[in-house]
Amino acid sequence: MDYQGEQDMELEALEAILMDDLIEYEGNLPSGWIAAAKTYKVIIAPDEEDGADSGDYPLKAELLFAHTPKYPEEPPSLKLRSVTGLSDTDLAEATAVLDEQVQANLGMAMIYTLIGAAKEWLQGRVNSGPVVDPEVERRKAQDAAERKRAEARAHGTPVTVANFAAWKTRYDAEVAAAKAKAAETLKDDEKAKRLSGKAWFMRQAAEGAAEDDEAGALSEDDEEDFDAEEVVAAGIDEEGDSDLDDIDYEDDDDEGMLDEL
């Protein structure tokens, strides 16, 4: 079999049928895929009904495919991914359907058949009941929460017995924690300032020695006062002269005393 010829013919047919919906894929390839082979993608959505745009459907998938060297006698590379609204469980179920179609169509061009099988499964998923898109639901929940916060900011939070009690509990806990922290800090400061027995004894000894030295020592002024008092008491002036130098020992006084006798 001319594998390359079969593959080229299938691509020409797909381009004619799908036209712009057949896109050459240039992103990161799934693990294990052959990088040299061209990869294509097709967006799969449920059938349009009553003129509705397929973009309005909450379920949409993306099918990646590439020809393997011996395709169609061996399976092509396939990867089904969610665009909107499909969970991992949904993708696993749809992939199992495609695998069954691959085994049933080995030896024949099968890509268009696989696209039809995926679309049929997706349509059945829509018809089975309301479809909830997780991303849409998440956005709705975020929008609702934001509206609620905006209303609270605009009108303020009403004071009730319940929310006041909750606030009071938090406030009391914060005050108690602050007091406990302050008491612990004060305790640490006092402990840091407290002297050990040895340090207290050495400080007392040092203070006692300083007092003894102060009591036994004379300042320079005290020494000068002490010297001056000593000199006066001895009758000696600062120049070293005695008061005896002021006595007059003239001979005239001696003679007068002799005459009186």
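1. Helix H2 (residues 88–104) has 17 residues, which at 1.5 Å a residue should span 24 Å; its end C-alpha atoms lie 25 Å apart, so the two values agree. The expected span is 1.5 Å times one less than the number of residues in the helix. Helices (H or I, at least four residues) and strands (E, at least two) are DSSP runs, numbered from the N terminus.

2. A word on the source. This is a predicted model, in which local features need pLDDT of at least 70 and side-chain atom pairs count only at pLDDT 80 or more, while totals for chains, interfaces and linings use all residues. Residues are numbered from 1 along each chain as its sequence is written, and side-chain values use heavy atoms, with hydrogens and water left out.

3. Overall layout. The chain has eight helices and four strands. Along the sequence they follow the pattern α-β-β-β-β-α-α-α-α-α-α-α. Of the 261 residues, 20% count as buried. Buried means under 20% relative accessible area, exposed over 50%, and partly exposed in between (1.4 Å probe, protein chains only). Among contacts between residues at least 6 apart in sequence, 56% join residues at least 24 apart. Contact means heavy atoms within 4.5 Å.

4. Back to H2. Asp90, Leu91, Ala94, Leu98 and Val102 are buried in H2. They cover an arc of only 110° around the axis, which puts them on the same side of H2. The arc is that of the directions from the helix axis to the C-beta atoms. An α-helix has 3.6 residues a turn, so residues three or four places apart point the same way. The other side of H2 carries the exposed residues Thr89, Ala92, Glu100, Gln103 and Ala104. The cover over the buried residues of H2 includes strand S3 (60–66), strand S4 (77–84) and H3.

5. Helix H1. H1 has 16 residues and reaches 22 Å from first C-alpha to last, close to the 22 Å expected at 1.5 Å a residue. Its buried residues are Gln7, Glu10, Leu11, Leu14 and Leu18. They cover an arc of only 105° around the axis, which puts them on the same side of H1. These buried residues pack against S1, S2, S3 and H3. Met9, Glu12 and Ala16 are exposed on the face turned away from the buried side.

6. Met9. This residue lies in helix H1. Met9 is exposed, with a relative accessible area of 58%. Met9 and Ala109 are 100 residues apart in sequence, yet 9.1 Å apart in space, C-alpha to C-alpha.

7. Helix H3. H3 has 17 residues and reaches 24 Å from its first C-alpha to its last, close to the 24 Å expected at 1.5 Å a residue. Ile111, Leu114, Ile115, Ala117, Ala118, Trp121, Leu122, Gln123 and Val126 are the buried residues of H3. They pack against H1, S2, S3, S4 and H2.

8. The H1–H3 pair. Two packed helices are described by the angle between their axes and the distance between the axes. H1 (residues 3–18) and H3 (residues 111–127) pack at about 40°, with axes 10 Å apart. H1 and H3 are therefore oblique to each other. The contact is made by Glu10, Leu14, Ile17 and Leu18 of H1 and by Ile111, Tyr112 and Ile115 of H3. These residues divide into six nonpolar, no polar and one charged. On the terms: axes are lines fitted to C-alpha atoms, for helices over the stretch in contact, and angles run from 0 to 180 degrees between N-to-C directions. Angles under 35 degrees count as roughly parallel, over 145 as roughly antiparallel, 65 to 115 as roughly perpendicular, and the rest as oblique. Ala, Val, Leu, Ile, Met, Phe, Trp, Tyr, Cys and Pro count as nonpolar; Asp, Glu, Lys and Arg as charged; the others, Gly among them, as polar.

9. Tyr25. Tyr25 sits in the loop between strand S1 (22–24) and strand S2 (39–44). Tyr25 is buried, with a relative accessible area of 15%. Leaving out residues up to four places away in sequence, Tyr25 touches Thr39, Tyr40, Lys41, Leu64 and Arg81.

10. Backbone points to check. Most residues other than glycine have a negative phi, and most peptide bonds are trans. Met19 has a positive phi of about 55° although it is not a glycine. Met19 is found in the loop between H1 and S1, and is exposed, with a relative accessible area of 57%. The peptide bond from Tyr71 to Pro72 is cis, with omega near 15°. Pro72 lies in the loop between S3 and S4.
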